[in-house]
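Have a look at it first, then read on.

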Amino acid sequence: HQAETNRTDLMTITRFVLNEQSKYPESRGDFTILLNNIVVGCKFICSAVSKAGLAKLIGLAGETNVQGEEQKKLDCILVSEEVEEAIFVPPSNRGKYIVVFDPLDGSSNIDCGVSIGTIFGIYMVKNEAKVSLEDALQPGNQMLAAGYCMYGSSCTLVLSTGNGVNGFTLDPSLGEFILTHPNIKIPRKGKIYSVNEGNANNWDEPTTKYVQKCKFPQDGSPAKSLRYIGSMVADVHRTLLYGGIFMYPADVKSPNGKLRILYEVFPMSYLMEQAGGQAFTGKQRALDLVPRKLHERSPIFLGSYDDIEQIKELYASSKADG
Ligand code: P6P
């Protein structure tokens with residue numbers, strides 16, 4: 001009977017988000033509707049990605065959401081990796097949230113079947129009466145929620161609204177995301193480092209020293225394993241569950257690294273901190289960055305707390321040496 005109860009008492013992401021909302025009795029529920037709209041978008045992309053006809057998906061994007069419904073009075077500004085300028089929702093339809101997102105990160109990997117994903121973050125506008133581009137250029141420490149949806153062997157949505165991190169797996173037979181990874185905590189220290197070693201010739205000294213320590217530890221500890229998928233959502237998801245460090249460092253060719261602050265670095269850094277890990281740029285806590293442009297990039301080191309401490313020490317001593 002117990003097994004039967006569990007099967008019918010499913011914790012879906014919709015129920016989970018509503019439960020979260022109930023902690024804020026004064027809330028109007030806009031945030032819940034926004035999150036659930038994002039979830040619907042992820043279900044749509046999951047369905048499209050699993051079919052060959054992905055090209056049609058890009059054509060469907062536009063003013064209305066992928067379901068063809070009117071945008072609800074929720075979004076105020078949308079910032080997409082796919083669109084150069086911020087999308088300001090018409091004032092008559094404007095809500096109080098800003099959504100920054102990379103709709104299909106790692107899409108160059110689609111043809112070979114490697115996992116790809118959607119990454120998103122949510123801010124609140126500073127002043128509903130006077131909305132400007134500045135509202136989309138807030139530091140990551142102002143984010144209210146962040147998450148990603150990974151389209152791989154299964155469709156997994158990982159979400160935080162500021163009270164820890166939870167993972168949900170899509171049950172295609174129900175069309176519901178079911179809570180499968182409650183209260184994710186990243187291991188304090190990991191055995192994996194994740195970086196594109198092909199850029200090693202261009203790294204700065206602290207990164208070079210750190211990777212050297214991973215491969216040839218001097219303290220008798222075992223060498224770390226290198227795992228690099230080349231799809232940020234997949235590399236970050238493995239890091240979150242197994243521990244270790246994911247990095248896209250600066251290099252002489254790209255002094256700000258490759259990953260975009262607003263819709264790659266901030267959401268993944270937010271999740272890592274919520275799961276007990278850290279996120280560092282080589283100079284500062286990643287979430288304290290203040291972006292000056294929508295598509296600005298930053299170097300990023302994120303993952304297990306102790307592993308990030310090591311890279312922070314190497315950058316600090318390199319700075320001390322001048
Ligand atoms: P590289 C994919 O193109 C992406 O934006 C991220 O998903 C991934 O982490 C990174 O670029 C991989 O870049 O230079 O190692 O191929």
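Helices (H or I, at least four residues) and strands (E, at least two) are DSSP runs, numbered from the N terminus. Keep in mind that this is a predicted model: local features need pLDDT of at least 70, side-chain atom pairs count only at pLDDT 80 or more, and totals for chains, interfaces and linings use all residues. Residues are numbered from 1 along each chain as its sequence is written, and side-chain values use heavy atoms, with hydrogens and water left out.

**Helix H6**

- Let's start with helix H6, which covers residues 232-242.
- "Buried" means under 20% relative accessible area, "exposed" means over 50%, and "partly exposed" is in between (1.4 Å probe, protein chains only).
- The buried residues of H6 are Met232, Val233, Ala234, Asp235, Val236, His237, Arg238, Thr239 and Leu240.
- After H6 comes Gly243, with a positive phi near 90°.

**Salt bridges**

- A salt bridge here is a side-chain nitrogen of Lys or Arg within 4 Å of a carboxyl oxygen of Asp or Glu.
- How many salt bridges does a search of the whole structure find? The search turns up 13.
- Asp235 and Arg238 are 3 residues apart in H6, so about one helical turn separates them.
- Both Asp235 and Arg238 are buried.
- Another salt bridge joins the side chains of Glu273 and Arg285, at 2.7 Å from N to O.
- Glu273 belongs to helix H7 (residues 261-274) and Arg285 to the loop between strand E12 (278-280) and strand E13 (300-303), so this pair ties together parts that are 12 residues apart in sequence.
- Glu273 is partly exposed, with a relative accessible area of 26%, and Arg285 is partly exposed too, at 34%.
- Lys224 and Asp307 also meet through their side chains in a salt bridge, at 3.8 Å from N to O.
- That pair links distant parts of the chain, 83 residues apart: Lys224 is in the loop between helix H5 (205-215) and strand E10 (225-226), and Asp307 is in helix H8 (residues 305-320).
- Lys224 counts as buried because its relative accessible area is 17%, and Asp307 is buried at 0%.
- Which residues are linked in a network of salt bridges? Lys189, Lys224 and Asp307 are.

**Around the ligand**

- Which residues surround the ligand? They are Asp105, Gly106, Asn196, Tyr228, Gly230, Ser231, Met232, Phe246, Tyr248, Lys258 and Glu264, where a residue counts as near if one of its heavy atoms lies within 4 Å.
- This shell divides into 4 nonpolar, 4 polar and 3 charged residues.
- An oxygen atom of the ligand is 2.5 Å from an N or O atom in the side chain of Asp105.
- For the side chain of Tyr228, the distance from a ligand oxygen to an N or O atom is 2.6 Å, and for that of Asn196 it is 2.9 Å.
- The protein covers 79% of the 400 Å² of accessible area that the ligand has on its own (Shrake-Rupley method, 1.4 Å probe).

**Cysteines**

- A disulfide is a covalent bond between the sulfur atoms of two cysteines.
- The cut-off used here is a pair of cysteine sulfur atoms within 2.5 Å, and the count comes to 0 disulfides.
- Cys46 is in no disulfide, and the nearest cysteine sulfur, that of Cys155, is 3.3 Å away.
- Cys46 is buried, with a relative accessible area of 14%, and Cys214 is buried at 2%.

**Two loop residues**

- His295 lies in the loop between E12 and E13 and is buried, with a relative accessible area of 13%.
- Asn183 is in the loop between strand E8 (176-181) and strand E9 (192-194).
- Asn183 has a positive phi, near 50°, in a residue other than glycine, and at 48% relative accessibility it counts as partly exposed.

Definitions and conventions:
Polar contact = N/O pair within 3.5 Å; in protein donor to acceptor, adjacent residues only side chain to side chain. Nonpolar A, V, L, I, M, F, W, Y, C, P; charged D, E, K, R; others polar.
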